[in-house]
Amino acid sequence: MLFSQKQCQTCPLHSQRTASSKCRMVSLHPDESLLQELRQRQTTALDRLKLRERISVEHSLAHIGQWQGVQARYLGWRKNLFDLGRMAVVHNLHVLSTIFTERQLISV
């Protein structure tokens, strides 16, 4: 994205410009407006609560991703979908085991 000279003059980083006679190119992420909107959403308490709801799901998916790896194990989507389901069951068993162990420690 190119900025006009007028926009360049109003930039807060204008004082840090280069002394070169050539201009400096600044590139923005293609989804910069979306990223700014998401950053804005993180600032309000209500939106932060919404983000907190996602944490347990994101962590579960991250654990499954660690166990499965980055590459598909089998040829064909049906076998890989079955493998994903298998890993989800293993993850749920781990979670249940942790809950059961914690309850056993509390009751002792």
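**Exercise 1.** Which residue meets Glu32 in a salt bridge between side chains?

*Solution.* Keep in mind that this is a predicted model. Start with the general idea: side chains of opposite charge can pair when their charged atoms come close. Next, look for the partner of Glu32: the side chain of Arg39 forms the salt bridge, at 3.8 Å from N to O.

**Exercise 2.** Find the partner of Arg41 and work out how the two sit along their helix.

*Solution.* First, the partner is Glu37, with the closest N and O atoms 2.8 Å apart. Second, Arg41 and Glu37 are 4 residues apart in helix H2, so about one helical turn separates them. Third, check the surface: Arg41 has a relative accessible area of 43%, so it is partly exposed. Glu37, at 39%, is partly exposed too.

**Exercise 3.** Describe the second largest pocket, from its volume to its lining.

*Solution.* Begin with the volume, which is about 150 Å³. Then list the lining: Leu38, Arg39, Arg41, Gln42, Asp47, Lys50 and Leu51. Sorted by class, this lining has 2 nonpolar, 1 polar and 4 charged residues. Finally, helix H2 (32–41) and helix H3 (45–68) each supply at least two of the lining residues.

**Exercise 4.** Is Ile99 buried, partly exposed or exposed?

*Solution.* Its relative accessibility is 36%, so Ile99 counts as partly exposed. Ile99 lies in helix H4. With Val89, Leu93, Val95 and Leu96, Ile99 forms a nonpolar surface patch of about 430 Å² accessible area together.

Key:
Residues are numbered from 1 along each chain as its sequence is written. This is a predicted model: local features need pLDDT of at least 70, side-chain atom pairs count only at pLDDT 80 or more; totals for chains, interfaces and linings use all residues. Side-chain values use heavy atoms; hydrogens and water are left out. Patches are made of residues with over 30% relative accessible area and no salt bridge: like charges are joined within 9 Å, nonpolar side chains (Val, Leu, Ile, Met, Phe, Trp, Tyr) within 5 Å. Accessible areas come from the Shrake-Rupley method with a 1.4 Å probe; for residues, only the protein chains shown count as cover. A salt bridge is a side-chain nitrogen of Lys or Arg within 4 Å of a carboxyl oxygen of Asp or Glu. Buried means under 20% relative accessible area, exposed over 50%, partly exposed in between (1.4 Å probe, protein chains only). On a 1 Å grid over the protein atoms alone, a cavity is a set of points where a 1.4 Å probe fits but cannot get out, and a pocket is an open set with protein on both sides within 12 Å along at least five of seven lines; lining residues have an atom within 4 Å of a point. Grid points are joined across faces, edges and corners, and a volume is the space filled by probe spheres set on the points. Ala, Val, Leu, Ile, Met, Phe, Trp, Tyr, Cys and Pro count as nonpolar, Asp, Glu, Lys and Arg as charged, and the others, Gly among them, as polar.
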